[in-house]
Amino acid sequence: MIQLSTPIQLPPSPPRLGYGMGGLSMGSCFSEHIGTYLREGGLSLEINPFGIQYNPLSIAEGLNQLLKGKDFEREDLFEYGGLYHSFLHHGSFSAVAPEEALLRMNEARRSALELLPHLRFLLLTWGTAYVYRLATEEYGEGIGSVVSNCHKLPERTFSRERTSLGELLSVWCPLVEELRERFPDLIIVQAVSPVRHLRDGAHGNALSKATLLLFAEELSRLYPQHCFYFPSYELVLDELRDYRYYADDLVHPSTLTQRIVQERLSSWLLDEEAERGLPLAHRLRRELCHRPLHEEGKAHTQRLEALRERIQAFRTQYPLAQLYDLPSWID
């Protein structure tokens with residue numbers, strides 16, 4: 001029989017996760033896609049409280065800041081281009097007024113902190129081994145500090161380099177030790193983003209991804225009870241080895257590819273209850289997002305009442321599931 005793909009065998013599953021277990025998803029844009037899929041499926045999950053972060057050193061700094069439990073203050077910001085920014089945060093947190101930027105940053109931080117006492121799993125998506133380091137103290141940070149976002153500052157403000165496996169481990173091993181001490185049952189799921197970073201060419205991208213793969217493997221070897229690897233990179237690059245699985249830019253995975261990887265992750269990571277409930281929660285959310293042509297009609301009122309009853313039935317069947325952002329009329 002002709003075979004048109006290379007099936008990827010998933011590694012042994014970690015301890016299964018389910019409803020009621022707090023989780024945190026951090027990393028590249030791929031982590032947002034996966035995290036949103038799980039969160040909208042009813043899992044208790046906070047996604048990228050600092051915005052998208054591509055390299056493991058920035059993700060580590062974000063986690064360290066969360067563990068400190070300290071609010072961001074005015075001295076953590078700098079002004080450029082008429083906006084106030086933080087080198088630890090994505091540009092979506094920037095604002096014209098420093099008070100507004102700090103409000104956004106601290107609201108996201110506090111939301112993640114509320115989940116920390118119930119933290120059971122971390123989903124970490126490594127995007128690139130390349131980092132930007134400050135080459136000047138003009139903006140308040142020390143020379144050599146790694147930034148999460150350059151905020152379109154002049155190129156001379158930074159130096160760019162590919163970090164080494166040794167440096168990644170020197171930062172992450174102490175952090176994993178602290179996480180193990182604070183959260184003894186914590187499960188850390190690592191994935192390497194299949195998104196290509198081609199600024200340094202295909203060879204440079206390959207070296208970056210290889211560094212991340214070696215890093216993930218070494219963490220899993222050093223902490224086999226806590227760190228696990230999900231092969232999203234291999235699924236896209238090998239099993240889905242065709243440009244029809246990419247978006248028009250031929251760099252980012254398509255919506256179909258994201259769904260395939262999300263479903264494979266769910267079957268690998270979630271317990272039976274969450275696996276059953278996840279598609280039901282997604283279906284309810286899709287119906288909530290539906291906008292009828294005539295909202296004043298009787299049929300629409302009846303549909304909403306039936307939907308309300310289905311949501312209440314879901315809550316009864318899955319009492320630990322978390323349905324976010326429900327409209328007030330549901331209750």
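Ring pairs join F78, Y80, F87, Y132, Y139 and F158 into a cluster; here the rings of Phe, Tyr and Trp (its six-membered ring) pair if their centres lie within 6.5 Å, and planes under 30 degrees apart count as stacked, over 60 as edge-to-face and the rest as tilted. The model is a predicted one, in which local features need pLDDT of at least 70 and side-chain atom pairs count only at pLDDT 80 or more, while totals for chains, interfaces and linings use all residues. Residues are numbered from 1 along each chain as its sequence is written, and side-chain values use heavy atoms, with hydrogens and water left out.

Across the whole structure, the search for aromatic pairs returns 13. In one of them, Y19 and Y318 are edge-to-face, because their ring centres are 5.8 Å apart and their planes stand at 70 degrees. Y19 sits in the segment before β1 (22-27) and Y318 in the segment after α9 (298-317), so this pair ties together parts that are 299 residues apart in sequence. Helices (H or I, at least four residues) and strands (E, at least two) are DSSP runs, numbered from the N terminus. Y19 and Y318 are both buried, where buried means under 20% relative accessible area, exposed over 50% and partly exposed in between (1.4 Å probe, protein chains only). A tilted pair is formed by W126 and F215, with 5.2 Å from centre to centre and 50 degrees between the planes. This pair also links distant parts of the chain, with W126 in strand β5 (residues 119-126) and F215 in helix α5 (residues 201-222), 89 residues apart. W126 has a relative accessible area of 0% and is therefore buried; F215, at 0% relative accessibility, counts as buried as well.

Helix α5 also holds S208, which is one of the contacts of Y130. Y130 itself belongs to strand β6 (residues 130-134) and counts as buried because its relative accessibility is 12%. Leaving out residues up to four places away in sequence, Y130 touches N55, R160, E161, R162, D200, G204 and S208, with contact meaning heavy atoms within 4.5 Å. Y130 and E218 are 88 residues apart in sequence, and their C-alpha atoms are 19 Å apart in space.

Turning to the chain as a whole, the protein has 9 helices and 10 strands. The C-alpha trace spans about 65 × 60 × 45 Å along its principal axes. Buried residues make up 50% of the 331. Of the contacts with a separation of 6 or more, 71% come from residues 24 or more positions apart.
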